[in-house]
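My notes follow in the order I looked things up.

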Amino acid sequence: MDAARAGALLLAASVLVAGCAPGPGGAPPAPPGPSVTTPAPDPSPAGSAPAPPSGPAPSAPGPGAVPERVPEPRPDLGDPASLAVVVNKQRPLDPQDWAPAALEDVEGHLLRPEAAAAARALLAAARADGVPIRIVSGYRSFAEQSGTYAGWVAQKGREAADTVSARPGHSEHQTGLAMDVGDGSGCDLRVCFDGTAAAAWVAEHGPEHGFVLRYPWGEHGITGYWYEPWHLRYLGPERARELVRSGAATLEEFSGLSPAPDYGPSAPG
């Protein structure tokens, strides 16, 4: 790890975000303020409309012509029951109090059946390689996330709460497809988990079991959350490998979606 990254990790060591933070009773030191993301400039600045194309205007298509199809966003990206669903600060679950139809216990934590089976295989494989690992958090309901977020707002105010806890309806944990892992070393749910054997193992082998690192280093301007080496999202092995092969750093990029660094003006909280 280079000196610049090591220094940044130390600075961020107390930051817990994306709905993974403990309740306000176990609050970590105050996190740094939320990142400021400059929106991408409009390619056509206001007041300077693009020049019209040269040459004659295109003729209307003939009666037998097939109009060009404009690709539409994949509907499963907004379907909470889909393994491909993308939940972030600008894409809440619909409905926001959605709950999985079925959940299974994995060492004291609940996950959707597909994710639960994969989590059992991941834990077994890591332990077979001599890597200590455990699940720290799994499914959280809308009501549970509401209570956690409200506690943070009462203690720190909404702006600070949004840096350590997801608003209800915006947390991946509510899908039953996300889990936080740790090794019991004292770095669980802390950025220092980055330096553990468990973190290195899940980063390398997670996609084999269908899990990807959801909030990578340096991508908070896209995901809306600071680095979380412990937060894994289940996509299924095929889609997880596709994401890795694509070279995309985030699920937003891989899914063809815009960055979601903060909540929209109409987001409840």
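Predicted model: local features only at pLDDT ≥ 70, side-chain atom pairs only at ≥ 80, totals over all residues.

**Entry 1: helix 7**

I started with helix 7 and asked which residues sit on the face turned away from its buried side. I found Glu238, Val244 and Arg245 there, and these residues are exposed.

Then I listed the buried residues of helix 7, which spans residues 237-246, and got Arg239, Ala240 and Leu243. Looking down the helix axis, I saw that these buried residues fall within an arc of 105°, so they line one face of the helix.

What covers the buried residues of helix 7? I noted strand 5 (211-215) and helix 8 (251-254) among the elements that do. Just after helix 7, I came across Gly247 with a positive phi of about 80°.

**Entry 2: Thr223**

Next I went to Thr223, which I located in helix 6 (residues 220-223). Is Thr223 buried or exposed? I read its relative accessibility as 0%, so Thr223 counts as buried.

I then looked for what the side chain of Thr223 reaches, and found the backbone oxygen of Tyr225 at 3.2 Å. Setting aside neighbours within four places in sequence, I wrote down the contacts of Thr223 as Asn88, Arg214, Tyr215, Pro216, Thr250, Glu252 and Ala260.

**Entry 3: the whole chain**

Zooming out, I counted eight helices and six strands. From the N terminus on, I read the order as α-β-β-α-β-α-α-β-α-β-α-β-α-α.

Of the 269 residues, 44% count as buried.

**Entry 4: confidence**

I checked how far the predictor backs the model: the average pLDDT is 81, and 72% of the residues score at least 70. I flagged residues 26-62, where the pLDDT is below 50 and the stretch has 24 contacts in the model beyond near neighbours in sequence. I flagged residues 65-72 as well, with pLDDT below 50 and zero contacts in the model beyond near neighbours in sequence.

Key. Residues numbered from 1 in each chain as written. Heavy atoms only, no water. Buried < 20%, exposed > 50% of the residue type's maximum accessible area, 1.4 Å probe, protein only. Helix = DSSP H or I, 4+ residues; strand = E, 2+ residues; numbered from the N terminus. Arc of directions from axis to C-beta. Contact = heavy atoms within 4.5 Å. pLDDT = per-residue confidence, 0-100. Polar contact = N/O pair within 3.5 Å; in protein donor to acceptor, adjacent residues only side chain to side chain.
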